[in-house]
Amino acid sequence: CMLCHRAAADPDVCGHKLEADRLCAHEFCLFFANKLSQQGVEEVGLRGFLPEDIRHTINRAAQQHCFICGESGAAITCRETGCDRSFHLPCATEGECVTQFLFQYRSFCWEHSPRQTVEAAPEDDTICLICLNLVGDRRSYSVMVCPACKHAWFHRGCIQGQAVRDGISRFQCPLCRDRDAFLPEMLTMGIRIPFSLPSWNSLAYGALSERHSRCDASECLCPGGREQVDEEGPWQLLLCCSCAAEGIHRGCSYLWNSTAIWECDSCA
């Protein structure tokens, strides 16, 4: 890649290498490069980036050094006003930078990167729900949590891989299945979620991980039966906040209407 100077880089973050007009660049090295604009027709140049504009960007980046690896050719600069830290896209993770894969393609250095506001911290033995390895006892750049259930912990690299496999149509919290709060939070925190169909592996996993949808109380009191689920009220279904594999009607658990968390007997 003539922008990041890497022959190999994480395709989940940098995208595929594009070649045309004696130019070679990773897809997202182009999108994040300073002052490089895509034209309306993607068939022109590299994904709509004109060859002359790319060459001008390469020459300009040659004067910038990456604050992470120290090498020249850093085409990405922190968007915070007054900050001149520049870096290569493949160096972003090592430098704890956040690159937002939204339409603006904004980038931030470690000092000015957005941070999760959820007031939660993992226990010593908390594992990543994706790779099943320990995440440590604190939140960090590389350890993230679902903003909805606050119980799903995962490594940044693991949830990025899951996002690429799922695509925008299926990406959700691996524990509580929330999308409304989960999706925008992950995008803000720099997770790339492709606008693509899910992979076969993701579809197979999804078939096994559908949201639990029945009351598991020893005696269900709902007139409509265990399968009846209302949005609110006594027959609202609460899923176990730890495993999400069991559920109970609010009325069957005798919980107050203000109670939002329930834990099954196995997890308790």
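This text walks through one protein chain, from its overall build to a few single residues.

The model is predicted, so local features need pLDDT of at least 70, side-chain atom pairs count only at pLDDT 80 or more, and totals for chains, interfaces and linings use all residues. Residues are numbered from 1 along each chain as its sequence is written, and side-chain values use heavy atoms, leaving out hydrogens and water.

Start with the whole chain. Its C-alpha atoms fill a box of roughly 70 × 35 × 30 Å, taken along the principal axes. The secondary structure comes to 7 helices and 10 strands. Helices (H or I, at least four residues) and strands (E, at least two) are DSSP runs, numbered from the N terminus. Of the 268 residues, 46% count as buried. Buried means under 20% relative accessible area, exposed means over 50%, and partly exposed lies in between (1.4 Å probe, protein chains only).

Next, the domains. The chain is divided into domain 1 (11-108), domain 2 (115-196) and domain 3 (213-267). These bounds come from an automatic or database domain assignment. The centres of domain 2 and domain 3, taken over C-alpha atoms, are separated by 25 Å.

Now find helix α4, residues 156-166. Is this helix mostly covered or mostly open? It is mostly covered, with 8 of its 11 residues buried. Among the buried ones are R156, C158, I159 and D166. Just after α4 comes G167, with a positive phi of about 75°.

Two other residues also take a positive phi. Most residues other than glycine have a negative phi, and most peptide bonds are trans. K35 is not a glycine, yet its phi is positive, about 55°. It is found in the loop between α2 (27-32) and α3 (51-61). K35 counts as exposed because its relative accessibility is 74%. E96 is not a glycine either, and its phi is about 60°. E96 sits in the loop between β4 (86-87) and β5 (98-100). Its relative accessible area is 43%, so E96 is partly exposed.

Patches are made of residues with over 30% relative accessible area and no salt bridge; like charges are joined within 9 Å, and nonpolar side chains (Val, Leu, Ile, Met, Phe, Trp, Tyr) within 5 Å. A salt bridge is a side-chain nitrogen of Lys or Arg within 4 Å of a carboxyl oxygen of Asp or Glu. Accessible areas come from the Shrake-Rupley method with a 1.4 Å probe.

Which residues form the negative patch? They are E123, D124, D125 and D137. D124 is found in the loop between β6 (106-108) and β7 (143-145). D124 is exposed because its relative accessible area is 60%. L132 also lies in the loop between β6 and β7. With I127 and L134, L132 makes a nonpolar patch of about 290 Å². At 56% relative accessibility, L132 counts as exposed.

Finish in the loop between α6 (200-208) and β9 (237-239), where R226 is found. R226 counts as partly exposed because its relative accessibility is 26%. How far apart in space are R226 and C24? They are 58 Å apart, C-alpha to C-alpha, and 202 residues apart in sequence. G224 lies in the loop between α6 and β9 too. Its relative accessibility is 47%, so G224 counts as partly exposed. G224 and W235 are 11 residues apart along the chain, and their C-alpha atoms are separated by 9.2 Å.

Conventions
Lys, Arg positive; Asp, Glu negative; His and termini not counted. Charge placed at Lys NZ, Arg CZ, Asp CG, Glu CD.
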